[in-house]
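I would like the cut-offs behind each term stated along the way.

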Amino acid sequence: MFSWIKKFARTIIDVTGTVKEVMANELGLLLLLVCGFTNLITVEMAKGENIRSTTNLCEKFLTDKNFISLFAETKDAATPCACAEYDMAQDAMFEKVGTCYEERLFNDGAKQRCCYSENGKLLTGYRDNRFSISDGIQHSMNEIHDSCCNINNQSRCNAFYEITQSNNCQRHQDQHAAYSWGDPVIETVSTTSYSFNGHGEYVFLKSNNTLEIQARTDYLIANSTDSTIFTAFVFTIYPQKPSIHVIFNRTSMNLNLYDSKGIFKTSTSSVCNPRQPLMTGAFFVLCSNTASALGFQIAPQVKLSNIKALVTLDNEFMNIKITYSKELANMTGLAGNVQGGFYVSPNGAKYSVNSSESLMFEYGETWSLRNNINSSNFWYNLTGGDFSFFNKKSTPRFLENLLDDPDELFKNCNNSMISAFKNTCKHSWDNQTSNECMLTIARTCNTTLGKAIQEQVERQRYELQRKSNKPPTFMASMPNETTLIYKGYSSWTQNLLDHVQDENRAGLRFEVKPNITEMEIVGGVLNWTVGTALRYMNLSDNSIQFIVYDQFNMSESHSVRIRYCGCEDPSECEFQNEDDDNAECRCRNRFVEGLFCEIKIDPCSKYVCYKNDTCNTTYSGDGSPCAVCPLGFYEETHGPNQLCRDLNECNDARTHNCDQECINDLGSYHCACNNGYQLKGNFTCSDVDECVLGNYSCPNPHEECVNLPGTYTCGCASGYSKFNTTSFCVKLDGLHFLSNMPVAPAVGSLVGSEQSTEQLSECYNKRPVKKQKTFSTKSEELQYWQIQYFKGEVEKQEREKQLFDIKIRMVLADEKRRDQKVVDDFINGAYFED
């Protein structure tokens, strides 16, 4: 059923408009031509009762094998999307809807839809890139789409796009343009151009007897044969010869459109809706009412390399732009193909592309309809006159050779205006003189017309640059990722111009998405002072996108992966591995919290210090915010409470410096001394000389005070001695002394001569006393004798056992010195022999 409809519809396309109408009337069907109408075909199998409510519309669509089969057959034949939005926008057969472009008409039963990103690139794989078909569908694709995708059923929506999604732009061929304009400058489909001021009707472009475009020219200024302009075009499809006419009404300054029967369809002066295509026989016609292109877009239904023509009005001039997707082979006429560097006339004569203006005039005249009245496709009743009226030959002056001689070039004009002529004809891009502008003024002596031509030259240059322009590209040197750490690696600077390749670097501009307030791009240089903006931004794929635009708004983008840490302190950043895009924040202490350790807690709200004013509110460590206990105290903590306890320094000799006694105080200590000593300074104890101070008691006769360390004793005066501590001091007088001498040595001082000492010894034990040593110091001299004696009458063999040494001290030098310790030190260190 569906294949029959498709075959039938295509059959209708191949016949003339008249046949179509007859067949449609006889059949009584409200069929719209597949390639010609925007209404959708309705057939019996797809009536409303089959697909009625939106609740089951999607289900019907997804389960109908015939629909799915038609989509599969049509997909490869559908018009491919352009890779760049600019190229898509040049195709008038596509209408912009939001960020997408949708074909205005069905093309072989399919209508393409192409969507683009903000930087003008085709969103490949984007689900809204889809196409519609006309065969057998009553509801629009938007209705079916909404039924499938505007409910909570992702699998249904995916299934819808799996059927309808279009291909990418690989099959798309760049659009080329040949622009013929003004005081005719004719550009061929081989991109060569020449000036032609012929008068009459000509074959402008013809393709293998399928499509023919004829052009009519007339004088720009009445009674001047030097300059002509386009005044009409007729488009004809062979062999049936349906046609469409575009006539320039120079009185009302409008372009009028007529169909193949000469019936007026529309005009540039009337409201022409560019969203409502006009059907005129075998052509699609779309109004173009932009400021730069006021006119009609015309496309033949026949497949001819997607050729289209845009006929526009610009000031005094009618222009035509032929757009095609690839170089058209075997195209003939004024704008036909160049073959091997030569323009080829209908009779095979060749003219070099470098031919003079006069030779190119001769070539152009070979395409005149003048010699064959039956070759004209114009309807003369639309414009008055007849074939002969419009085909009067004239030859213009050829002025190209006079461009270097302005006086001769403008001899028919006011020579005083030559300077103004030159200023009118200056190129904006290099300030050089425009030949086309100069020649138009020379032919017409009209500066206004010259200015119009110059504006056209400027537009042509722009179009030429745009046509040859390549989008800017990011080079391999552009970073692919960067690590940014708040307060750490806190700035990033890149001269983006150093990483972009383009023919015109001066015209480049840059954008960053998302636009982060911390960034600025000045003169192509990015400066990013990294703050906290990225903390709460949801970056797509953790990357930012740099976009470069050239002067024609062509663009290229480059994504840079961002590894970011927004912790309040860089030391808190922790990337688990190289794949982490965002660092975790390990807060440095318990007084900081938050996802980024950005919330500070008053530590004094958590602690009770021994004194309130000793808590540090700005503390950021991991211990206590309390000040350490004062000297002389040690700290005890009980949970968050700090206590300072007194330190008893006296418990440990390492914590005090006292010589003798340590007495603890609160937070400190002090030193004291034993009896017989006194504190000298804070720590040292010195001996108290009781004898000097008079703090002694020696009550017995002949006793004197003798100082000892920490105390004193009572010794005998000179010449006296005692034999124990409780005895009295007695005078030393011979044997009486010896016979009463105790076992222990006497305590006290013995003062006398060496001789008396020896006599005393001899009297006692009949043995001589041998003097052993004499010791001297700075202040005194001590002499020691060893005296051996026997106690009682004992046997001789026992004498050795009862031998005693008696040390007799004799102070010979300083009798006032009473330092017993010094004397004892000398004595204890002495060595005595028998």
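A disulfide is taken here as a pair of cysteine sulfur atoms within 2.5 Å. The model is a predicted one, in which local features need pLDDT of at least 70 and side-chain atom pairs count only at pLDDT 80 or more, while totals for chains, interfaces and linings use all residues. Residues are numbered from 1 along each chain as its sequence is written, and side-chain values use heavy atoms, with hydrogens and water left out.

Under the sulfur criterion the count comes to 19 disulfides, and three of these pairs can be followed in detail. Cysteine 691 and cysteine 705 are joined with an S to S distance of 2.0 Å, and the torsion about their S-S bond is about -75 degrees, so this disulfide is left-handed. Helices (H or I, at least four residues) and strands (E, at least two) are DSSP runs, numbered from the N terminus. In those terms the pair links distant parts of the chain, with cysteine 691 in helix 14 (residues 690-693) and cysteine 705 in strand 41 (residues 703-708), 14 residues apart. Buried means under 20% relative accessible area, exposed means over 50%, and partly exposed lies in between, as computed with a 1.4 Å probe on protein chains only. Cysteine 705, with a relative accessible area of 11%, is therefore buried.

A disulfide also joins cysteine 716 to cysteine 729, whose sulfur atoms are 2.1 Å apart. The torsion about the S-S bond of this pair is about -90 degrees, so the disulfide is left-handed. Cysteine 716 lies in strand 42 (residues 711-716), whereas cysteine 729, 13 residues apart from it, lies in the loop between strand 43 (720-721) and strand 44 (730-731). Cysteine 716 is buried at 7% relative accessibility, and cysteine 729 is buried at 7% relative accessibility.

Which handedness does the disulfide of cysteine 58 and cysteine 148 have? The torsion about its S-S bond is about 105 degrees, so this disulfide is right-handed. Here the S to S distance is 1.9 Å, and the pair links distant parts of the chain, from cysteine 58 in helix 3 (residues 54-63) to cysteine 148 in helix 6 (residues 141-149), 90 residues apart. Cysteine 58 counts as buried at 0% relative accessibility, and cysteine 148 counts as buried at 0% as well.

We turn next to the sheet. Two strands are said to pair if DSSP finds at least two bridges between them. On that basis an open sheet of seven strands has the order 13-12-11-10-9-8-19, with antiparallel pairing. Strand 13 (264-267) and strand 19 (331-332) stand at the edges, each with a single partner strand, so one side of each has no neighbour in the sheet. Within the sheet, strand 9 (residues 211-219) and strand 10 (residues 228-237) run antiparallel and are joined by nine bridges; arginine 216 stands opposite alanine 232 in strand 10.

A nonpolar core is a set of buried Ala, Val, Leu, Ile, Met, Phe, Trp, Tyr and Cys residues joined through side-chain atoms within 4.5 Å. The largest such core has 79 residues, of which Phe204, Phe233, Phe235 and Ile322 touch the most other members. Its largest share, seven residues, comes from strand 10. A second, separate core of 23 residues includes Trp528, Val530, Phe546 and Val548.

Most residues other than glycine have a negative phi, and most peptide bonds are trans. The peptide bond from tyrosine 238 to proline 239, however, is cis, with omega near 10 degrees, and proline 239 is found in the loop between strand 10 and strand 11 (243-249). Lysine 241, in the loop between strand 10 and strand 11, has a positive phi near 70 degrees although it is a residue other than glycine, and at 42% relative accessibility it counts as partly exposed. A cis peptide bond also joins lysine 513 and proline 514, with omega about -5 degrees; proline 514 is in the loop between strand 26 (509-513) and strand 27 (519-522).
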